[in-house]
Amino acid sequence: MSGPRLLQVLAQEFRFNVRRPLFWIALLLLLFFSWAFSVGGMTISSGESTVGGQRAWVTSEFALAQILSVILGIFYIFFLAVAAGMSVIKDEEWRVMEMLRATPLRPGEYVWGKFLGVFLSFIIVLSVFLTGLAFFNHVLPNAEMAEYRGPFALVNYLRPALILGLPPALFIAGTSFALGALTRRGILVFLFPVAFLLGCAYFLWSWSPTWLNLEVNRLLMLVDPTGFRWLMETYLEVDRGVQFYNLEPVVYDGGFLASRLVFLALGVGVIGLVPRRVGGRYRMEGKERGEPGLPWVGGEDEEDGVRRSLASVDTVSLRPGIWMGFSRVLRSEFRELIHAPGLYLFTPLILLTVVGTASVAVGAFNTPVLLTPGTMAVTQAEMLNVFLCLLLLFYAVETLERDRATGLAAISYPTPVGTRTVLLAKATALMGVVGVILSAAFVGDASVLLFQGTVPVSVGPFVQVWGLLVIPTCLGWIAFLMAVMGLTRSRWATYGVGFGVLSYTIYLEIIGEMSWLTNWWVQETVPWTDMGFLELNGRGLLLNRLFVLSLGLLFFVLALKWFNRKDRDPVGLLSRLRPKPLLVQMLVLSPFLLLPLVSGVTLWVGIHRGFQGDVVEKAAKDYWRKNVATWTDVETPAVAAAELDLELEPEQRAFRTEGRYLIFNHLEDAVKRLPFTQGLTWDSLSWTLDREPIEPKNRAGLWVMDLPAPLQPGDSLWVGFRVKGVLPKGITANGGGVGEFILPSSVVLAGGQEVAPQLGYGENIGVDEDNESDAEEYAPDYYLEQVDPAFGSRIPMTTRIRITGPDYLTYTSVGNLVSEQRLDGKVTVVWESDHPVRMFNVVAGKWDVWRGEGTEIYYHPEHGYNIEEMGLALDASRRWYAEWFVPFPWTTLRVNEFMGIADYAQGFPTNITFSESIGFLTKNDLRTLLVFFVTAHEAAHQWWGNMLTPGEGPGGNIISEGMANFSTLLLVEQIKGEAARREFAKRMEEAYARGRRADDERPMVEVDGTHEGDGRVTYEKGGWVPWMLMALMGREAMLEGLREFIVRYRDGPDYPLLQDQVNTLREFAPDTVAFDEFVDQWYFDVLVPEYRVEEAERRQLAGEEGGLDTWETTFTLRNIGAGLMPVAVAVTVGEPFDQEGEALPGYREARTTVTLGAGEERAVTIRSDFEPERIVVDPGVRILQLRRERAVHEF
Amino acid sequence: MLEIRSLTKVYPGPIAALQGVDLEIAEGMFGLVGPNGSGKTTLMRIVAGLLEATSGEVFLDGEDILADPARVWSKLGYLPQDFGFYPHLTGEAMLRHILELKGVTGPNGVKAAVAELLEAVNLAPAARQKVKSFSGGMLQRLGIAQAIAGNPRLLIVDEPTAGLDPEERLRFYRVLAELAQDRIVLLSTHIVEDVAVLCNRFAAIRKGIIIARTTPREARAAIDGAVFEGEVTPQELEDLHRTRTVTQSVLVEGRHRLRIYEPDGGPAPGFREVPPTLEDAYLVMMRTGGLPGAVVAA
């Protein structure tokens, strides 16, 4: 191998690469990302959220490793792979191979020179990115990011670059280069990064259910070239605390480092294969054309006179019409596409990904969801748009470039088929590719649905969703690419611009800055619902699609103008840029400009004026500014009765409310003024006081009513109101869902604040990241004060809700239905509370009804899949909670299904609301139990939340949500058995471990929902800890204590916090010392154990115990976490339960109990009369711990 | 009639590739001869509607090619100097694709027309072979077949004999001559022999300027009596190249046989007058910028 020759090729390739647009677009894009990441575009989820709290630095080695692996996997790879893969193909197209063949250049010199040239140029891109990061992080002042910035350490940049950056870069570049050089097919070059992205984004980086086998998980970590999965699973999935991330280096284990070496070797090795294969090939290649071909012995010289003269061949040229030309070009394009291998490679790949992803899709608690045609269509539409845009980028560019690249352009361009016809046919052919892939995806989906066997296959949702979400996006994208290609006349520039646009779009998504106006590929905009798809987002989506299509039309017109088969004359071009010709051009284009302009402006105005737009945002801010100083913490009287007459027009989303509140002064002082908060999008509002009209003062949405006479303690008065409005008003900002709505097929009004004024000042209205403050800090003895309820009326109230609306809907509210009248297509129902409540809701839908023992489920007629299970849970809840806690005071317990534009369930008194995506469309099995769980959880809120309303303060919400989960654990054990209880407890534990913030986590008695991670402490830890406490106290003592707790606090006026619960339970604890120790650890501190089994050995002790073999297992048990809990540890053989949760006879275990403090370890020996298969810590799932799956040793 | 008026093309640089070219070309074979880089291909591409001119006009039977090239593309047959095909298609499929784009058909349909054309250029046996396996000559013949398909009114052939062996070249000459009987054939070449054999009219172009519009006979006549031939040693050759207009130089048995152009004076010693060839005339034109006397209008 000659060094100078290799260097010559290297230098040539390097010079070529650094001059082309692909390189510069990649460079500029990564430079932009380096700035974006330096201002917080991506940070590690750790640290504290309070002012002055420690933040995760964006400059730590962990942060930079995370950024680098994501940048590589999503953005950098496409530029690098295309540049490397097309390197040899480009030479072939430019026909320089023939020349090179005649030089002394050896294949090895050529291949290595080319590869190193392109690789070096993209190493520069990566270096510029890192330098940019360092510059923006450490040199450019940015006061807002000061607390996110640590000191400069070169190693933080270099080590991730070398370990996480270099190996995948070399692997990607090498593989892509080899693909291009060996196959000479651009499609494979393009396929590779697409497959890489699919593999990473939709599988390696995202699919990690906790039940995944550890060894499989480890393998997946190692096969991820970017290292992102390894980083997440090893360090980031479970928060290690901000100090750790900020100060500690990333410790790369041996296996991972070995995998890096393997990727390096693969990258180099695959290049090493190329010279031998390619060398032989390109040395020989000339033979084909050099061979003597058929001589031209025909023509008029032919002695036998058979062959005709060329000139005498009777042909005629007819200028083909548009349709004729279109069909001919289309046929030709289809033939090209059908013969291209891409379709056969991409289609299965895309199919595998979309269908595979749908098949393993998980919902809450990592549980599989029930697949329906609609949910599959929507989920896949988003993926398909990504894949198809990438695929079309390649196909569009190569289709347009084909004639130029092969040299046919000189012949095909001066043919009479018009450019418009040619481009239209090419676009149609590209849409044909889209059609093929959509059809294949549908077949795959239908198969999955058939295999699932629950929900029938239906074409409608696929046609509807893909027709709206995918087809216009592809049309717009194709037109855009054609315009770029026409303008730049460069394949590389078009690739660069295409990747640039895709990357920037993904970036906007990552930072959450998408709107209908920028979301051209409609990601996460339209949740599917079987109950009225598009009722919420139809208008926004329609405008968005119009905008995209009209832009597509404009781009297509521009492509026609720019895609010149005639090479432009520079002088002519300059003359066309003069004002007058430009004006003429603009006039010609104006109709096509007008369409996107009108649709874009309409969309912008719609977003601006919609309920998520600037107008409402400003109104909310004005409300806050005007009132925060005056009305925060002002005590108001309570609503003792609410009477609403609600008239709904769901087709118009409209409502009219006429109602009145009985205001009761439960305070110690007289009240002179009453504040009421209005909905910010209402059209009109008027008032009465004791039936007389009154004009309160409007303080930017807070109406302050000066009372003619002070309302004395114990007195009450009626305040009436009339409201008119629509809900939700206008369009969403970027699709998605809403929690409360009046839509033609479904109505949810939770709490009534959207349709009736609320008494008091709304402290959360108008608060966002610009004006949010740290939450109130409570004194440790705050619970001793009289505490207001966390939600709902301050005193129990009665309700009478009269609802009038179209009679195709059924309307429910809290309490009992006392009357129903139907007239002229309308129905009027009256619901009255038969026992006082603190909140009310209104729900409507087109339902079937299931009735149980004092229970009802109102559900969409097509959603009967889980009704039996939900009914079981609802009946069991009503029965057992009443038995364990206190009797159910109302007549009926009801669940209402609403459309899945929001994913929540809410336990209003007697009238629970469930989204269709929760419970109704969940796959139900022993592992998931989500249907049972969510029903039991929401039902438990009748006791924990409604009968006993917690106080507003630290730990209050744990009494509601944590106790609902605790109740669910009890019910799962009661109804489903021990195996189900263990599974459910594991799911809760895992959700807590993954969602907690190690630094930000506070003791349960201090949790107030304002810190990141509070949710998981409130729900999951809040449910687990009482379970462990019950094990300590004994079941009956615990339940007795809880009964007393409810009775003591249910009627106020002091509403309980967590200390109140602990103090009440303590009265029932048989061992108060043990109780206090437990409470100190779990309620007043943050100490969670994490166990590891190490140095495990088993040996057979022959001849003991009457000749039976005995096994002795020795190991070291360590608590690498915190806390001090007696934990069972067992050696086991077999599985304890089968798939149905039945105990298996072959399961055996021998156990002991070990108590370990933080960081402690102990040698443990367990003897068994069986050969152990594994060592399991806490086999009964009774101690909350972190990473339980690692506290196992398999022999 | 193909009319080219004041045609100018300036490339960035600026490089004047064509400088006010005026030509009127009637039916028959018209040659455009000039050295590489003289502007021949630029002129061909402009006339074919593939390159925008800086200024000037080109009409084919009164239709403005520059304003709307698509209007004349259905009347055009074009064999470019440098072209390619889709390598993965068969010869038959490739030709059919082009014919369909051109709107070409025959009495028995396009498929039969393809078969006849392939037969005529003797590619029928290779019709099912992929184009990537074709030899240079076969590719050129496929190009010729597509160019003449559709009975074009204007046939532009740019350096058409480049990939052909002598025998094929002769056959192609005959085809072109036959085709030129009822259409305009514009032949661009730097091989004077092509013009001598085929064209009764031609123009010589140098540095973007038409320096002669004439016929081969007139071109030869213009230098008749001024061309001399003799044999010299290598040393003498140097001197003659410096002092005389050498039109041809051939090495024969170790001595150089030279033809020199002497319009004014007598021949060098040892040289005798010979009848001029078209190549002599061409080289005189290129060296001196024209022919003696007024340029003969074509």
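Which strands does helix α23 of chain A lie across, and at what angle does the helix run to β8(A)? The answer is β4, β7 and β8 (702-711) of chain A, with α23 (residues 614-631) running at about 35° to β8(A).

Some ground rules. This is a predicted model: local features need pLDDT of at least 70, side-chain atom pairs count only at pLDDT 80 or more, and totals for chains, interfaces and linings use all residues. Residues are numbered from 1 along each chain as its sequence is written, while chains are lettered from A and ligands numbered from 1 in the order in which they are written. Helices (H or I, at least four residues) and strands (E, at least two) are DSSP runs, numbered from the N terminus. Angles run from 0 to 180 degrees between N-to-C directions, and axes are lines fitted to C-alpha atoms, for helices over the stretch in contact.

Back to that sheet. It is open, with four strands in the order β7-β8-β4-β12 (chain A), and the pairing is antiparallel. Pairing here takes at least two DSSP bridges between two strands. β7 (697-699) and β12 (758-759) of chain A are the edges; each has a single partner strand, so one side of each lacks a neighbour in the sheet. Two bridges link β4(A) (residues 671-677) with β12(A). In β12(A), Leu759(A) is the bridge partner of Phe676(A).

Chain B also has an open sheet of four strands, ordered β13-β14-β12-β15 with antiparallel pairing. Its edge strands are β13 (245-252) and β15 (272-273) of chain B, each pairing on one side only. β12(B) (residues 227-232) and β14(B) (residues 255-261) share six bridges. Phe228(B) stands opposite Ile260(B) in β14(B). Helix α9(B) (residues 234-243) packs on the sheet, touching β12, β13 and β14 of chain B, at about 20° to β14(B). Helix α10(B) (residues 278-288) touches β12, β13 and β14 of chain B too, with its direction at about 130° to that of β13(B).

Now the interface. 47 residues of chain A contact 63 residues of chain B. Contact means C-beta atoms, placed from the backbone, within 7 Å. On the chain A side, 19 are nonpolar, 14 polar and 14 charged. By class, Ala, Val, Leu, Ile, Met, Phe, Trp, Tyr, Cys and Pro are nonpolar, Asp, Glu, Lys and Arg are charged, and the others, Gly among them, are polar. Two bridges join β1(A) to β7(B) (residues 104-105), and the strands run antiparallel. Ser317(A) has Val104(B) as its bridge partner.

Next, a helix pair. α3(A) (residues 61-93) and α19(A) (residues 491-510) pack at about 170°, axes 10 Å apart. They are therefore roughly antiparallel, a label for angles over 145 degrees. Their contact residues are eight nonpolar, one polar and no charged.

Most residues other than glycine have a negative phi, and most peptide bonds are trans. Leu727(A) and Pro728(A) are joined by a cis peptide bond, omega about -5°. Gly1052(A) and Pro1053(A) are joined by a cis bond too, omega about 0°. Glu1095(A), in strand β23(A) (residues 1091-1101), has a positive phi of about 50°.

Is Glu1095(A) buried or exposed? Exposed, with 12 C-beta neighbours inside 10 Å. The cut-offs are 20 or more other C-beta atoms within 10 Å for buried, 12 or fewer for exposed, and partly exposed in between, with C-beta atoms placed from the backbone.

Technical notes. Contact = placed C-beta atoms within 7 Å. Parallel < 35°, antiparallel > 145°, perpendicular 65-115°, else oblique.
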